[in-house]
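Trainee: I would like to learn how to read ring contacts and nonpolar cores. Can we work through a case?

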Amino acid sequence: MTDLFEDFADDQDAFDAAGLRLTVDLGALVANWQDMARRSGRARTAAVVKADAYGLGIEEVGETLYIAGARDFFVATAEEGVTLRLYAPDARIFVLAGIWPGMQRLFFENDLVPIISSEEQLAFWMSVLSEYGEYPCALQVDTGFNRLGLTVPEALALADDVSRPASFSPVLVVSHLACGDDPASPMNRQQLDSFRQVSAAFEGIESSLSASAGIFLGPEYHFDLTRPGIALYGGEAVPGVANPMRPVATAEARVLQVRNVKAGEAVSYGRAMQLTRDSRLAVVSAGYADGYMRSQSSGGVPLRRTGIEAGHGFIAGHRVPVAGRITMDLTIFDVTDLPEGLVRAGDYVELFGSNILVDDAARAAGTIGYEMLTSMGLRHQRRYLVEE
């Protein structure tokens with residue numbers, strides 16, 4: 001590793017003292033990328049590191065995956081690409097938001113590849129090429145997602161346009177599956193058929209259809225390049241089946257106080273939870289301002305009326321339920337069933353990690369692991385575990 005990790009030991013004191021901390025297992029990250037590379041077969045395997053590498057740190061994650069062998073990366077914005085370039089010196093970095101007027105220098109000086117997703121962007125890009133000459137780009141084609149991308153007819157017309165400038169040199173054609181996480185959805189086959197048509201029209205140019213979920217659909221979805229994202233970070237790509245990925249992130253919060261409360265008393269805002277027994281409650285230093293979502297509360301939120309179980313933490317070898325409403329900076333856990341004295345102020349509760357999987361925490365909040373990971377706020381002190 002480079003200087004990025006040389007002050008790891010110096011950061012240990014800050015990590016030990018932090019009220020909120022996030023441990024990122026870089027060894028597990030690499031193992032997950034290698035797993036996805038094996039599943040991708042003959043296709044090369046990129047790494048999606050947008051949103052600050054799903055909240056885990058684009059610098060550390062990007063460098064780690066580059067050292068592991070990743071040479072294709074996808075970021076959301078040019079600014080993310082500029083940061084990543086420092087840690088992935090000769091990788092191809094694709095920018096999903098594309099390029100807009102005034103950004104040419106940023107792209108050219110940092111060797112970033114814009115992904116062109118609309119007729120407006122395409123027209124601008126052609127004008128850039130007329131001024132600056134040949135430069136690589138990628139094309140995004142919408143095959144049914146109805147988010148970003150040229151329509152299939154627009155893409156086919158572009159492929160057949162003999163008048164397009166010779167300097168126009170796409171290096172990748174990209175699309176995205178809408179229902180890749182549902183293997184039974186007929187939408188997957190419809191999009192595959194549409195993308196095959198586009199890929200054939202751009203013969204000789206690499207194609208990429210599958211993110212994490214699409215990789216699990218099998219070889220016909222892999223094309224030349226796969227783009228795993230959530231699977232790299234330990235999240236489940238396909239709900240309802242066993243997740244083969246190793247957990248990468250562990251979020252913890254310090255116990256600030258353990259208090260004894262009598263039966264019949266209420267807990268937190270709105271008296272949303274009334275105790276039916278004498279209880280011990282652990283108050284921890286995390287709340288919705290830290291990405292620990294209010295919708296995980298045990299009562300007083302609409303989600304609890306649906307029958308979905310409230311959130312849990314993990315401490316001293318035990319799962320412990322959220323008690324009452326989660327507040328901005330604080331969450332209360334019921335530790336009554338643990339032996340007295342086992343939980344003390346200063347201890348840490350795992351919010352998610354290897355014992356409370358991030359996707360389980362997300363389900364309790366009525367969301368997905370992607371949002372849970374990327375919502376972990378800046379107040380978390382990060383620590384990176386590096387395999388020697």
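Mentor: Start with a charge over a ring. The test is NZ of Lys or CZ of Arg within 6 Å of the ring centre and within 35 degrees of the ring normal. Here the charged end of Arg71 lies over the ring of Tyr66, 3.8 Å from its centre. Arg227 places its charged end over the ring of Phe74, 5.9 Å from the centre. Note that this is a predicted model: local features need pLDDT of at least 70, side-chain atom pairs count only at pLDDT 80 or more, and totals for chains, interfaces and linings use all residues. Residues are numbered from 1 along each chain as its sequence is written, and side-chain values use heavy atoms, with hydrogens and water left out.

Trainee: How many aromatic pairs does a search of the whole structure find?

Mentor: Rings of Phe, Tyr and Trp (its six-membered ring) pair if their centres lie within 6.5 Å; planes under 30 degrees apart are stacked, over 60 edge-to-face, the rest tilted. The search finds eight such pairs. Tyr54 and Tyr233 are stacked, because their ring centres are 4.6 Å apart and their planes meet at 25°.

Trainee: Which parts does that pair tie together?

Mentor: Helices (H or I, at least four residues) and strands (E, at least two) are DSSP runs, numbered from the N terminus. Tyr54 is in helix H3 (residues 50-55), and Tyr233 is in the loop between strand E11 (225-226) and strand E12 (249-261), so the pair joins parts 179 residues apart in sequence.

Trainee: Is Tyr233 buried or exposed?

Mentor: Buried means under 20% relative accessible area, exposed over 50%, partly exposed in between (1.4 Å probe, protein chains only). Tyr233 has 2% relative accessibility, so it counts as buried. Tyr54, at 7%, is buried too.
Phe74 and Phe94 make another stacked pair, 4.9 Å centre to centre with 15° between planes. Phe74 is in strand E4 (residues 72-75) and Phe94 in strand E5 (residues 92-95), 20 residues apart. Phe74 is buried at 1%, and Phe94 at 0%.

Trainee: Which residues touch the most other members of the largest nonpolar core?

Mentor: A nonpolar core is a set of buried Ala, Val, Leu, Ile, Met, Phe, Trp, Tyr and Cys residues joined through side-chain atoms within 4.5 Å. The largest has 108 residues; Val49, Leu65, Phe73 and Tyr233 touch the most other members. Helix H7 (residues 119-132) gives the largest share, six residues. A second, separate core has seven residues, including Val267 and Leu281.
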